[in-house]
Amino acid sequence: MRKELGKKMLLQLVGFFMTGISYFGYYPLGLSFFVAAYREKVMRLLLFPVMFIGMSLFMEPLQLARYGLCMIVAAAVTSILELDKDNRFKRLGSVAAGVSTSAMTYVDYALNGGEIYRVYMGIGEGVLIFALSEVMAWGIRYILKERKAEDVVEMSEVFDYRYKEREKMEGIAKAFKSLASTFTNLSESTVVAMNSGFSDGMGGGVLMSSPADFAVMQKMNTMWHNKLCENRLAIAGQLNEMAHILSGVARDTYEIQEGSVSLEEKITKELKAMHIKVQGIDIIERSDKGIEIYASICSKRNRCIMTKDVASAISNVCGKKMVASKDSKVVVYKDFSPVMFVEDVNFKVLYGVSRRVKTGERISGDNFSFIDRNENKAVIALSDGMGSGLLACQESEMVIELIEQFMEAGFCKETAARMINSSMVTTSGSQLYSTIDISEIDLRSGICEFLKVGAAATFIKRGTWVETIQSTSLPAGMFEQVDFDTTAKKLYDGDYIIMISDGTMDCIAGDNKENELKNIILNTTVENPREMSEYIMEEIIRRSDGYIPDDMTILVTGMWKK
């Protein structure tokens, strides 16, 4: 900061001495330097008096008035042009200085007469002022924004380091894949060895007292070997998922595009105009999240500036609506603090839930969660534990907690489902299973992706129309390889997503339960998600005469344009 201030003071001194340089009675250098320095915002409040004092020492009163008026015209035009955030007409300030100089020469000739060559000299001076101001502006930018060669070397070293780290992570991923293959081959060889041992007819050389004992021992060995193989295959699946996760992290982390330097400079200038100091700024462009801006900022003179006002200023520079992230501070104060700005999304969501416990039970076996995965996506998760009561609640609660942990860590929902299934296969000894029902909404595009593992149907309500999304897969925890149903739907302003547990459908009498529930949803006139979920629940219970055969959960998510 002190080095930059010193450069600006030196430029003020250079401008002071340039006002005294004349050619054939003309002083184009002083005016050209003023236009260039004013355009680059080199201490503007001090620039005009310094230059004017210098001119008063070297010029006659008439010349002083002439060049002083030209300075005022150039400064006014430049300030007006700065209202355009894209700086498309920034050179017109230099044009205004040159034109005003030539115009004054012509007006003097028209009023007072004189030799015609002075008019040509005035036009030449105007062209020279325009050219010199452009060259000087480039020189001032170079002086203030000079980049050292060492910085370039350091950036190349950073990129080399990033690629080395990527190769390291990909190597770890390959190691996990190899280990997964080892577990898979080991399971297959175990089955082969087990079959060859049983073909001897003596259970591996062990003498049995009777054929019945041999049959019992063979059955027990088969059960244990099958369980061992299932566990090994489940572990192999987990290792494969870990390899997939590491490969994805390496790709996403080290293929991030950096924003342009010119955009950083524009944002820095805009924040300085708001009396905000910028210690550092990084711009990252992601294909799935848009622009992300990380800045360390503080206010000048102990001012309090709202972060949303800073985001608005950055939006004007970027040409996109930016907002402060949820974890950023609300107010920018005197101390430097990191703030993250992200592209605003196009949609917002509201949630509502209604629950009922099975008649005779005290605890629901259903669990759910609303997850803000990041600034761009919203996730709704529902799990129905098999059966009812405490054990079912513990099973579905474990599933929901794992979904939250995986999704918040950045893993995709497919990976989360596979990891949860393998975990249940290896740890569940009580033969309890759970459904997995996930709806992930992209708040930028409005596309909702659904993943179902043995879950009940989901309904999309749009005005007077309802669509059903069904599942034919089995619950998680039954087999080492999970089978899930996935689909994606485009949602629009005013759409609702209604997710239910199996008990909700069981409470409806008759064979055509889905159509009955669709009719209930169609007859809903309320718009609040909480009230809609309660209305649907009450209608279902009313039609079953108040009897609740299983735990019931209804999640309603409404989506609207921002």
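Two strands count as paired where DSSP finds at least two bridges between them, and the helices (H or I, at least four residues) and strands (E, at least two) named below are DSSP runs numbered from the N terminus. The model shown is predicted, with local features requiring pLDDT of at least 70 and side-chain atom pairs counting only at pLDDT 80 or more, while totals for chains, interfaces and linings use all residues. Residues are numbered from 1 along each chain as its sequence is written, and side-chain values use heavy atoms, with hydrogens and water left out.

View 1. β9 and β10 form a hairpin with four residues between them, and they pair in the antiparallel sense over seven bridges.

**View 2. An open sheet is formed by five strands in the order β8-β17-β16-β13-β14, with antiparallel pairing.** Its edges are β8 and β14 (465-469), each with a single partner strand, so one side of each is left without a neighbour in the sheet. Neighbouring strands are turned against each other by 20 degrees on average, direction ignored. Strand β13 (residues 458-462) is joined to β14 by five bridges, the two running antiparallel, and the bridge partner of R462 in β14 is W465. Helix α14 (residues 513-522) packs on the sheet, touching β13, β14 and β16 (495-500), and its direction makes about 140 degrees with that of β14. Helix α15 (residues 529-543) lies across β8, β13, β16 and β17 (552-561), running at about 30 degrees to β8.

**View 3. One of the four aromatic pairs that the structure holds is shown.** Rings of Phe, Tyr and Trp (its six-membered ring) pair if their centres lie within 6.5 Å, and planes under 30 degrees apart count as stacked, over 60 as edge-to-face and the rest as tilted. The rings of Y351 and F370 have their centres 4.2 Å apart and their planes at 20 degrees, so the pair is stacked. Because Y351 lies in strand β8 (residues 347-356) and F370 in strand β9, the pair ties together parts that are 19 residues apart in sequence.

**View 4. The axes of helix α2 (residues 28-39) and helix α4 (residues 61-81) come within 10 Å and cross at roughly 20 degrees.** That makes α2 roughly parallel to α4, a term used for angles under 35 degrees. The contact is made by P28, L31, F34, V35, Y38 and R39 of α2 together with Y67, C70, M71, A74, A75, T78 and S79 of α4.

Key. Axes fitted to C-alpha atoms, helices over the stretch in contact; angles between N-to-C directions. Parallel < 35°, antiparallel > 145°, perpendicular 65-115°, else oblique. Contact = heavy atoms within 4.5 Å.
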